[in-house]
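Open the complex in your viewer and keep the selection panel at hand. The stops below go chain by chain and then to the places where chains touch.

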Amino acid sequence: MTARSIPWLKFTAPPNFYVLAERLTPWLWGVAALFLVAGLYVGFFVAPPDYQQGNSYRIMFIHVPAAWMGMFLYLLMALYGAIFLIWRIKMADVMARAIAPTGALMTFLSLWTGALWGAPTWGTYWVWDARLTSTLILLFLFLGYIALHAASDDREKGGRAASLLAIIGAVNVPIIYFSVEWWYNLHQGVSVMRADGPSMAPSMLAALLLMTVAFWVYSAAIVLRRAQSETLSREARKEWAQQAACGRLTRDTRERAVAQAQQENAVSESGGQA
Amino acid sequence: MWDSVGDFLAMGGHAPYVWGSFGMVAAVLLVEWLLVRSRRRRVQIVLQRQSRRSTANGSEGE
Amino acid sequence: MLRSLWTLIRRDVSLIVMRRQDVLTVVAFFILVITLFPLSIGPEPDKLRTLAPGGVWVAAALASLISLDRLFADDWRDGTLEQVALSPQPLAVAALAKVAAHWFSLGLPLVVLSPALGYSLGLEGAELLVLALSLLLGTPVLSLLGAVGAALTLGVRAGGALMALLILPLYAPVLILGAGAVSEAMFDSAYTAHLSLLGAMLAVAVPLVPVAIAGALRIALD
């Protein structure tokens, strides 16, 4: 495979991924905390109240990042699913599976905060608006992925089936969004979602961006941590995983494990064609 | 911008909405973090036990 | 290839027709769900009429879902599926044939029955025609999408409820357009746009979805 020359593919070997994640996550936690504090400070103490909505608009600083993360994580999950289906890289399945719960939680949070923002702004917690409805459907797509992955006794098969579902869902998300929007606009006229003011003050935008970075980095950290646990439990019989669990993985063991994994891959690839 | 702590907490009359949102986000992220951490600990403990057993037997599991 | 497609469809249709029970069960389910609407909402004609397009469509979607649950299960268990997968013709074609046969024997009866049920809920004249047309264009898409779910849940614990969770979100666009077409007809506005979009969905789904079904079947067969 020509792909082997791409340096990034080094991390498709579980031990290499584990070590990378081990190194990255402390930094990610730190960066997430930093941006969270900065975002909350700017959001609550610098950004002025909105001239129409008063202080309730501050919910935007968590609502919008959560909604963005929900959609972004779904697409990322589908992308990892596609990588798993096409190249059979097991770490891609681990990543997709690690993304799903965080994505579902982010989608749930965007619905929750959206409801609480809608109550003072439009006078109702819920309308069957295009965005709300398609976000709700997105939540169910996440739940379906998680349920299908968990329902299979064979992890490999379950992973492939769930990956296929994620891809089909990703193709459907825009169709669902546009059909719901079209349906809504035909029946209810102008969307109430566009009720926020004309333009945002720079400090509001700054708070929004800071919080978005915080959410993004938090998601990365928690996904990597979950993927680490998953890797360890999948490789529980291997020497490197046991050493890693004790916190004393030597370079020598790691390199041996990587070489062994590559050999196994080569065997399963040539065996898989027959 | 805020005159007092009470003024800050009142959020201009929108306190239940604003704090309900931020509180839920904080709670969900905290619970997620705790769950992931406890799972990590559990996996590590299982593997450490296995590691001890395999070094005692002088072999790598079965 | 068309010949083999046709043979496969004939085989499956005759298999389903032999078990007339299945057809009757699905049709009875469809009618029963629609009966639940007047029972739960009350017999006032005005209320029922506003509810009719959505009601018939939801009933059709649920009937399609439960009828598809075991679409591949028998063939999978007795090894027929494996043989089909090994045969020279593409698995996607076989999947399309299977879905087509399923739709002819279990989807078409719902389409034929729908004007009568629509009438019972208070739809009239052209609205009934639009209802039947929208179902004619929409239910094949539902069958195709449902078949993906049936293939994905092969050999999986807790098949039925899981399949509903996987597939109902994907049904949403078809349901919106289908029920939307009938609602538009009720307000004498242009329903052709809805029907055209449904037709477009069908045209996109027929060549593409069987590929996904074949992929899901391959996963189950591995």
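Begin by selecting chain C and colouring by confidence: the mean pLDDT of this chain is 88, and 97% of its residues reach 70 or more. This is a predicted model, and the colours show the predictor's confidence in each residue. Within chain C, the lowest confidence falls in helix H1 (residues 2-18), where the mean is 75. The highest is in H7(C), with a mean of 93. Where pLDDT is low, the coordinates should not be read in detail. For the complex, the predictor reports a pTM of 0.89 and an ipTM of 0.88.

Next, show every chain and look at which ones meet. Two pairs of chains touch, and the pair A and B has the most contacts. Chains B and C share no contact; their closest C-alpha atoms are 23 Å apart.

Now select the interface of chain C with chain A. Here 20 residues of chain C are in contact with 21 residues of chain A. Which helices of chain C each supply at least two residues to this side? They are H7 (125-152), H8 (159-186) and H9 (192-221). Highlight H8(C): the largest share of the side that touches chain A, 10 residues, comes from this helix. Colouring the chain C side by residue class gives 16 nonpolar, two polar and two charged residues.

Move on to chain A and switch to a cartoon view. Chain A has eight helices and zero strands, so that, counting an element as a DSSP run of helix or strand, the order from the N terminus reads α-α-α-α-α-α-α-α. Of the 274 residues in chain A, 47% are buried. Taking the contacts in chain A with a separation of 6 or more, 76% are between residues 24 or more positions apart.

Is the crossing of H2(A) and H3(A) left-handed or right-handed? The crossing is left-handed. Show side chains for the last stop: the residues of the contact of H2(A) with H3(A) comprise 20 nonpolar, nine polar and one charged.

Methods. Residues are numbered from 1 along each chain as its sequence is written. Chains are lettered from A and ligands numbered from 1 in the order in which they are written. This is a predicted model: local features need pLDDT of at least 70, side-chain atom pairs count only at pLDDT 80 or more; totals for chains, interfaces and linings use all residues. Two residues are in contact if their C-beta atoms, placed from the backbone, lie within 7 Å. Helices (H or I, at least four residues) and strands (E, at least two) are DSSP runs, numbered from the N terminus. Ala, Val, Leu, Ile, Met, Phe, Trp, Tyr, Cys and Pro count as nonpolar, Asp, Glu, Lys and Arg as charged, and the others, Gly among them, as polar. A crossing is left-handed if the near helix is turned anticlockwise from the far one by less than a right angle, and right-handed if clockwise. A residue is buried if 20 or more other C-beta atoms lie within 10 Å of its own, exposed if 12 or fewer, and partly exposed in between; C-beta atoms are placed from the backbone. pLDDT is the predictor's confidence in each residue, from 0 to 100.
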